[in-house]
Amino acid sequence: NYELNTNWQISFLGNISKNEYTMIPENRDTEFGTLNEALKLTIYFEGQEVDKYETYFGALSTTYQPSTHLNLQFTTSAFRTFEQENFDILGEYWLYQLENNLGSEDFGEVAFDRGVGKYINHARNSLNARVMNFSHKGNYNNEDLKVDWGFRAQKEAIEDKISEWNLIDSAFFNYPHPNDNIGGEADPDQQIVMSELLKTQINLSSYRNSGYMQFSKDINNITINAGTRGSYWTYNEELLLSPRATIAYAPLWEKDIVFRAASGIYYQSPFYKELRTPEGTLNHNIKAQKSTHYVMGADYLFYSWGRPFKWITEVYYKNLENLIPYKVDNVRIQYLANDLSNGYAKGIDMKINGEFVSGVESWASLSVMKTEEDIVGDYIINADGSSSEAGFIPRPTDQRVNFSMFFQDYIPGNPNYKMHLNMVYGTGLSFGPPNSEKHQDVLRIPDYRRVDIGFSAVLKDENKKSKIKWLNAFNSIWVSAEVFNLLDINNTVSYLWVADITGRQYAVPNYLTARQLNAKLILSF
């Protein structure tokens, strides 16, 4: 930052980041299924995955304040990212049926083999993206009237190379099977069939321009905020206008309560990965996803035990249009850019925070939500050969109940030694088998449960000198220890799908990290 004079400043922000991740899978034994069909999967792995990410960012900004009421800012920035995803993973697996007779001496032991096979996952993917933009922001504030405005002109250039394939060999037979029984001879061009194959190279260059204007005004104990945002993208030549408004009312009651209501149209213009179809091509007819919001809420400030608390409640309904359906595979999102869906999201959020223990902040929240989508033109073939619409299915974010609590306490008379407890519970998200139709994604991952506990201590602060002289060079020293997933719960994050010779697929759960200890030392000077 540099101050040219009292009304004019200039600043620069730069960031360079380089990250490399090497992942070597470990052999695994996983028991899963039910009492009636208890299964065990043993996999021996070879290979590894190496991912590289480099990002470069720079922004030059200048702020000019010609008067106390007017503030102007101009910014130019550039961003570039290189991403590489490389892996060759070979898995050799044995699928066993476990003895499920409670009266048997071999209960829980391997009864017989259900299947044996191999799979190979290969990828050599790279992404190179460049984004440059120029933007302006301004605001005018005069007593009870405030006006904000801004615009941005942005150029995007993307180069994407994809080369990946998956091969499944079940009981030493390629799956899916080649058409080798036609005419008694195998087709030499179909000796190896990939379960998944994608090779493509895409170059995309476009301009994205946007602007906004917003007004805020106080009328007695009512605050009104209204404005609109517009954007235009040269790729699909789509012009978007999204008006929105919020009103807050604070009645002159003895209790400190504020009521809020808001409505507006929100567009999310797709970025590159939302344009790309599963076949590796771009959908040039894609449109921005649209959400019309209706929100009502209230904030209640109160005192209990002589300490301040705040209760927040919001009820909402969102009408969703032009959605781009997607599937979640572990941590990868695959957009189905050829499909289109409409849906909704509705729910209620509640949160209370305050000093449950004097001097330290704690909070608890509860959310209940339902969100579904209906894919346009998606039909189900019935047993009698007729077809019917698939109808609404849960979205991948459909988590009906989510509860979380963060509680802090300290040793009485010595607040430098603190303890915190974190608890989270969430009902399971939806998923479906790989390479299936989207309307089949109606299965549920088990509920998520987690408890963390932590302890922290202040070894030195600004108001206290240490007996160890060299420690006085620091303003403060904190040390903490935390136990994540204290109860060592196996939380499912995704599924590994394996097949037997018949082609039947089995969902084997992948679990998040088990109990883990984290120690931290914070020095400030």
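Which glutamate forms a salt bridge with lysine 290, and how far apart are the closest N and O atoms?

Solution. 
- Start from the definition: a salt bridge is a side-chain nitrogen of Lys or Arg within 4 Å of a carboxyl oxygen of Asp or Glu.
- Lysine 290 pairs with glutamate 321, and their closest N and O atoms are 3.9 Å apart.
- Now place the two residues: lysine 290 sits in strand S13 and glutamate 321 in strand S14 (residues 307–323), so to speak a link between distant parts of the chain, 31 residues apart. Strands (E, at least two residues) and helices (H or I, at least four) are DSSP runs, numbered from the N terminus.
- Glutamate 321 is partly exposed because its relative accessible area is 28%. The scale, with a 1.4 Å probe and protein chains only, calls a residue buried under 20%, exposed over 50% and partly exposed in between.

Before going on, note that this is a predicted model: local features need pLDDT of at least 70, side-chain atom pairs count only at pLDDT 80 or more, and totals for chains, interfaces and linings use all residues. Residues are numbered from 1 along each chain as its sequence is written, and side-chain values use heavy atoms, with hydrogens and water left out.

How many salt bridges does a search of the whole structure find, and which parts of the chain does the pair of glutamate 92 and lysine 118 link?

Solution. 
- The search of the whole structure gives 15 salt bridges.
- One of them joins glutamate 92 to lysine 118, with 3.7 Å between the closest N and O atoms.
- These partners are 26 residues apart and connect distant parts of the chain, glutamate 92 in strand S5 (residues 70–98) and lysine 118 in strand S6 (residues 110–142).
- Glutamate 92 is partly exposed at 22% relative accessibility, and lysine 118 is partly exposed at 34%.
- For a further pair, look at lysine 438 and aspartate 441, whose side chains meet at 3.8 Å, N to O. Both of these residues are buried.
- Shared partners join Lys327, Glu373, Arg395, Lys438 and Asp441 into one salt-bridge network.

**Aromatic rings**

Solution. 
- Rings of Phe, Tyr and Trp (its six-membered ring) pair if their centres lie within 6.5 Å; planes under 30 degrees apart count as stacked, over 60 as edge-to-face and the rest as tilted.
- The whole structure holds 19 aromatic pairs.
- Tryptophan 8 belongs to strand S2 (residues 8–23) and tyrosine 64 to strand S4 (residues 38–64), and 56 residues separate them.
- Tryptophan 8 is partly exposed at 38%, and tyrosine 64 is partly exposed with a relative accessible area of 38%.
- Phenylalanine 431 is buried at 12%, and tyrosine 495 counts as buried at 16%.

**A residue with positive phi**

Where does tryptophan 305 lie, and is it buried or exposed?

Solution. 
- Tryptophan 305 is in the loop between S13 and S14.
- It counts as exposed because its relative accessibility is 62%.
- Its phi is positive, about 55 degrees, although it is not a glycine. Most residues other than glycine have a negative phi.
- Tryptophan 305 also takes part in a cluster of ring pairs with Tyr300, Phe302, Phe309 and Phe356.

What surrounds glutamine 97 and alanine 288?

Solution. 
- Glutamine 97 is in strand S5 and is buried, with a relative accessible area of 7%.
- Its contacts (heavy atoms within 4.5 Å) beyond four places in sequence include Glu37, Ala38, Leu39 and Phe112.
- The side chain of glutamine 97 reaches the backbone oxygen of alanine 38 at 3.3 Å.
- Alanine 288 lies in the loop between helix H1 (272–275) and strand S13 (289–304) and is buried at 0%.
- Leaving out residues up to four places away, alanine 288 touches Glu238, Leu240, Tyr267, Gln268, Ser269, Pro270 and Asn322.

Key
Polar contact = N/O pair within 3.5 Å; in protein donor to acceptor, adjacent residues only side chain to side chain.
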